[in-house]
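The structure is shown first, and the description follows.

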Amino acid sequence: MTAVTATRSGERAYYGWFLFCALLALVGLWAAHQMESQGHVITGMNNQIVWGLPHVFAIFMIVSASGVLNVASVGSVFGRAVYKARAPLAGLLSLALLAGGLTVLMLDLGRPDRVIVAATVYNATSVFAWNVLLYTGLFVSVGFYLWTLMDRTMAAWTQPAGLLVFVWRFVLTTGTGLIFAFLVARQAYASAVLPPMFIAMSLAWGLAIFLLAQSALLRWKAMALHPGIHRRLKNLLGIFVFTVLYLVLAYHLTNAYFARQMPFERFVLRDGGVITALFWGGYGVLGTVLPLLLIFLPGLGTPRSVGAAALLVILGAFSLLYVFIVGGQSYPLQIFPGYVAHSTFGDGAVGEYVPSLPEWALGVGGVAVACLMTLVGVRVFNFLPRDVPEQAVESN
Amino acid sequence: MTAPAVPPRRQFLSQGAALTAALAIAPGLLLYDFARARPPGEPASSAVRWGMLIDTTQCDSGCSACVTACRKENALPEPVRLTDPQWIRKVELEQEGSGRKVSLPMMCQHCADPPCVDVCPTGASFKRADGIVLVDKHRCIGCRYCMMACPYKARSFVHEPVTDHSGATPRGQGTVESCTLCVHRVDRGEIPACVEACAREGHQAILFGNLNDPDSAISRRLRSVASTRLRADLNLDPGVAYEGI
């Protein structure tokens with residue numbers, strides 16, 4: 001196997017990104033320190049919007065950590081060589097994204113110093129507690145999978161390890177969806193559609209991240225992607241974006257069928273101000289329609305336009321999660337059906353929430369942690385996807 | 001001839017009988033049952049389930065004595081922003097169509113199947129044997145999942161450092177808290193501060209007592225009047241019931 005060296009400009013870009021991410025991660029830590037010392041009063045969150053922007057970042061990364069493994073699964077479980085060549089990078093990205101997401105989630109706790117309590121005391125009925133086990137399990141199983149990929153003596157274990165990762169990530173994303181699906185109190189959640197919707201979202205968002213990371217890595221090493229492989233991956237992204245759209249439609253249409261859910265649907269789809277704008281503009285147009293055009297429109301679908309599509313899919317992901325998490329809490333709890341309620345505690349009123357600077361800093365800091373881990377990983381290990389000619393032919 | 005003196009023993013017995021009769025009748029006359037003081041070290045018993053019946057027809061929309069009493073009892077700050085804790089709040093309702101107005105106090109409903117307890121990852125949210133739902137402040141990590149799960153918006157997150165520790169219940173920044181049903185008072189054989197304040201104001205809109213005792217005033221009243229459990233569709237069996245809505 002020939003060693004691939006980075007160009008000088010590529011090296012400069014590498015260290016530039018490394019320093020930039022390190023700086024952002026430090027700013028994120030500073031924000032977490034501020035939130036811990038002064039309290040969450042410095043955030044935009046309150047007693048109605050209890051989960052805010054940090055949760056949008058954290059859940060995006062955790063869901064994507066699962067989806068990014070799809071590339072590895074197709075390689076190791078279904079034996080496709082084109083994808084197998086990408087499995088190490090997918091595994092690394094998964095670990096980095098999960099670590100970044102959990103960093104944000106942990107540092108947003110009211111008592112992050114008690115994280116050891118969360119790690120050692122489990123309430124068996126809590127989906128959160130199940131997820132703590134699922135996250136730990138993903139670290140272990142992906143770590144083991146990477147080991148089988150890097151150590152030739154462990155090669156016989158690659159397929160079983162790949163299968164374990166394949167099953168585990170579906171269970172993990174189901175668990176993430178269940179965090180909301182089990183919330184019977186709120187109009188936005190308590191739906192069996194949520195776990196499959198989260199799985200579909202993970203596939204689209206994970207692949208979008210993978211494509212961007214692969215593109216950056218290839219540019220760093222001054223390499224080009226084989227057109228056949230590019231075509232296959234971009235079509236896959238398009239299919240995943242369609243799948244998410246289908247499940248988002250199913251979620252809202254089933255809601256709209258129930259009279260008791262209609263006020264909530266009117267809020268999200270028509271009257272919700274920022275929430276409505278993010279749903280239609282952020283998720284609908286920028287995050288779904290535009291990427292599909294960039295991928296499938298004749299004359300487009302080039303590496304550049306697919307890169308733009310992947311970026312837009314991520315933008316749409318943040319919009320959709322913001323609508324889902326913040327919008328779902330903004331809509332007032334229906335405690336007194338048939339009555340108009342008001343109180344000093346926001347009963348009957350749409351919740352107000354404006355993310356504060358520390359929240360942005362914490363969320364972006366989490367992304368920076370994931371980027372740092374990836375940068376270190378690709379430097380230390382040989383994770384660059386290398387395609388041999390036969391694989392490129394297979395992909396045609 | 002002088003009248004024979006009543007022997008002291010007989011006098012004691014008759015006075016004792018009168019006192020026993022008064023105690024037996026009293027719960028029917030009073031708007032609450034006295035809780036039996038529990039000796040320290042004795043665990044809460046499932047033979048008891050504490051609950052409340054709130055008569056909204058007796059609740060004055062201009063009165064917030066229950067809220068003030070709770071704040072004083074637990075040293076809670078005056079609520080100014082949505083980040084400030086409110087363990088009990090007054091909710092003003094207007095019926096759609098008829099325009100009928102209702103005022104009521106809203107607090108933790110002390111559900112028999114509390115979603116907050118189900119979802120808490122560390123078991124910090126728990127339910128005592130006597131039905132009181134509490135938060136273990138030493139175990140709460142401040143994830144706020146219980147707040148997401150509560151259908152009654154009954155819980156508050158402590159968003160700022162706590163400076164006033166004069167309240168009866170320990171409080172701490174970064175943890176979740178809610179109505180304790182004045183567990184410290186109940187364990188002493190007293191009634192919750194809000195119930196006492198409401199009675200003091202002459203409204204007597206809150207009846208507190210043991211739901212497991214069929215002869216308690218609250219059980220008898222629940223049998224005789226129409227009452228509603230909020231979000232009854234969720235089947236959480238709240239310990240708090242409302243009349244007049």
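Contact here means that heavy atoms lie within 4.5 Å of each other. The model is a predicted one, and by this contact rule Arg128(B) touches Arg38(B), Ala44(B), Leu134(B), Val183(B) and Asp187(B), when residues up to four places away in sequence are not counted. Arg128(B) is placed in the loop between strand S4 (125-127) and strand S5 (133-135) of chain B, and its side chain makes a polar contact of 2.5 Å with the side chain of Asp130(B). With a relative accessible area of 13%, Arg128(B) is buried, because buried means under 20%.

**The interface of chain A and chain B**

Between the two chains, 52 residues of chain A are in contact with 54 residues of chain B. About 4,500 Å² is buried between chain A and chain B, and 58% of that area is on carbon and sulfur atoms. On the side of chain A, the residues that lose the most area to chain B are Asn47(A), Tyr339(A) and Phe345(A), which together account for 17% of what that side buries.

Polar contacts also cross this interface, where 33 residue pairs are found, both residues of each pair being at pLDDT 80 or more. The elements of chain A that give two or more residues to the side touching chain B are helix H1 (8-38), helix H6 (115-120), helix H7 (127-150), helix H8 (158-181) and strand S1 (339-343). Of the side of chain A that touches chain B, S1(A) supplies the largest share, five residues. Sorted by class, the side of chain A that touches chain B has 27 nonpolar, 19 polar and six charged residues.

**Salt bridges**

Side chains of opposite charge can pair when their charged atoms come close. Over all chains the count comes to 20 salt bridges, and between chain A and chain B the count is two.

| Residue pair | N to O distance |
|---|---|
| Asp347(A) and Arg89(B) | 2.5 Å |
| Asp108(A) and Arg144(B) | 2.9 Å |
| Glu94(B) and Lys101(B) | 3.4 Å |
| Arg81(B) and Asp84(B) | 3.8 Å |

The side chains of Asp108(A) and Arg144(B) meet in a salt bridge. Asp108(A) lies in the loop between helix H5 (87-107) and H6 of chain A, and Arg144(B) in the loop between S5 and helix H4 (145-149) of chain B, so the pair joins two chains. Asp108(A) is buried, with a relative accessible area of 2%, and Arg144(B) is likewise buried, with a relative accessible area of 3%.

The remaining pairs belong to chain B. In the salt bridge of Arg81(B) with Asp84(B), Arg81(B) is partly exposed, with a relative accessible area of 42%, whereas Asp84(B) is buried at 6%. In the salt bridge of Glu94(B) with Lys101(B), Glu94(B) is partly exposed, with a relative accessible area of 35%, while Lys101(B) counts as exposed at 63% relative accessibility. Besides these pairs, Glu73(B), Arg185(B), Glu196(B) and Arg200(B) are linked in a network of salt bridges.

Key: Residues numbered from 1 in each chain as written. Chains lettered and ligands numbered in written order. Predicted model: local features only at pLDDT ≥ 70, side-chain atom pairs only at ≥ 80, totals over all residues. Heavy atoms only, no water. Helix = DSSP H or I, 4+ residues; strand = E, 2+ residues; numbered from the N terminus. Buried < 20%, exposed > 50% of the residue type's maximum accessible area, 1.4 Å probe, protein only. Polar contact = N/O pair within 3.5 Å; in protein donor to acceptor, adjacent residues only side chain to side chain. Buried area = accessible area lost by both parts, 1.4 Å probe. Salt bridge = Lys/Arg side-chain N within 4 Å of Asp/Glu carboxyl O. Nonpolar A, V, L, I, M, F, W, Y, C, P; charged D, E, K, R; others polar.
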